[in-house]
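Work through each task with the structure open before reading the solution.

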Amino acid sequence: MRWMIVAAMVALVGCKQQAAENKAPTTGAEGAGAPVVKKLTVGFSQVGAESAWRTAETNSIRGEAEKRGVELKFADAQGKQAQQIQALTSFIAQKVDAIVLAPVVETGWDVVLTRAKEANIPVILVDRGIKTSDESLYTTLIASDFVEEGRMAAEWLAKKTNGKANVYELQGTTGAAPAIDRKKGFEEVLAKYPDMKIIKSQSADFTRAKGKEVMEAFIKSDREQIQAVYAHNDDMALGAIQALDEAGMNPGKDVTVISVDGVKGAFEAMVAGKLNATVECNPLLGPLVFDTITKVRAGEKVEKFIKSHDQLFEQTTAAQVIGSREY
Ligand code: GZL
């Protein structure tokens, strides 16, 4: 009887061994040469090169693609949605593995994104969101919370001015998510402070040159009233500071200036005492973009909105922080 149990155990072990051995050949490791790994191909439609922030984002995504051996097809739209749609159409025709889109404006994407969906190409939105009737047209949005950035800027300004200021606002690109939402968040907080008012507000398209131009017009018409400037990005704020300086209006002291992005130029202006504060909006999205594409291709679920962490920097800490800034 005992010998029968021993025999059964030996047979069991033998089966396991055989099963394990069977498993080995099916991995194909000893097959006819290692399988050829196809290079990941990603199409990246970028807004343009309108600001230092945008350049930092482009460098982060291109640099990360290089590092990971990803074939990145890069298209700069020079700020035109039609060129972005053209680029996406071309990426779809080339059957890229994934599309990264930084949408210049919020609306007008459904048709081309439907084509991407029909071609089974995942779309990762970076740094700006879109308005769509069909949320399935994109996999995820990797960006900051612009409404929160606007709230942070307004709360800081209210504290700085004891809730009393005539504010002149430089808006970003008309129709762009950051311009719409940074305004929305700022105004939401201003509603709590009856003596803080936006006197004039105009788009300066996120560029330094336009920021200077619009500020010059504000100075021409309202010089005596200007007490604070809220710019939706640092580039426009730096242009406004130049205009205020040239008019002898002492930006950073007699006129309080606050903006968003946290680029190197903003820290230099804070150290020089010309800019009072900036709300950081991290553009170094490269690693997160490609980690997300890897997850999506592995069939893993990803959040619909992957939010960057933002923080506010002021003159008092600019000098000790500037050395550690990566963009
Ligand atoms: C924000 C980004 C904005 C920056 C600007 O995610 O879309 O566009 O704040 C840039 O500097 O032009």
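**Exercise 1.** Determine in which cavity the ligand sits, and which elements give two or more residues to the shell around it.

*Solution.* Begin with the cavities of the predicted model: the ligand sits in the largest cavity. Turning then to the secondary structure, the elements that contribute two or more residues to the shell are helix 2 (52-68) and helix 6 (177-190).

**Exercise 2.** Describe the residues of the shell around the ligand by class, and identify those that come nearest.

*Solution.* There are 13 residues around the ligand, of which Glu50, Asp127, Arg128, Arg182 and Asp261 come nearest. Sorted by class, the shell consists of five nonpolar, two polar and six charged residues.

**Exercise 3.** Find polar side-chain atoms that lie within 3.5 Å of an oxygen atom of the ligand, and then state how much of the ligand's accessible area the protein covers.

*Solution.* For Asp127, a polar side-chain atom is placed 2.4 Å from a ligand oxygen atom, while for Arg54 the corresponding distance is 3.0 Å. In the side chain of Arg182, an N or O atom lies 2.8 Å from an oxygen atom of the ligand. As for cover, the ligand on its own has 320 Å² of accessible area, and the protein covers 100% of it.

**Exercise 4.** Explain why the ligand is said to lie between domain 1 and domain 2.

*Solution.* Residues of the shell come both from domain 1 (41-144 + 283-308) and from domain 2 (146-281), and the ligand therefore lies between the two domains.

Note on methods: Residues numbered from 1 in each chain as written. Predicted model: local features only at pLDDT ≥ 70, side-chain atom pairs only at ≥ 80, totals over all residues. Heavy atoms only, no water. Near = heavy atom within 4 Å. Polar contact = N/O pair within 3.5 Å; in protein donor to acceptor, adjacent residues only side chain to side chain. Areas by Shrake-Rupley, 256 points an atom, 1.4 Å probe, with all protein chains shown as cover. 1 Å grid on protein atoms, 1.4 Å probe; cavity = no way out; pocket = protein on both sides within 12 Å on 5 of 7 lines; lining within 4 Å. Sits in = over half its atoms within 2 Å of the grid points. Helix = DSSP H or I, 4+ residues; strand = E, 2+ residues; numbered from the N terminus. Nonpolar A, V, L, I, M, F, W, Y, C, P; charged D, E, K, R; others polar. Domains from an automatic or database assignment.
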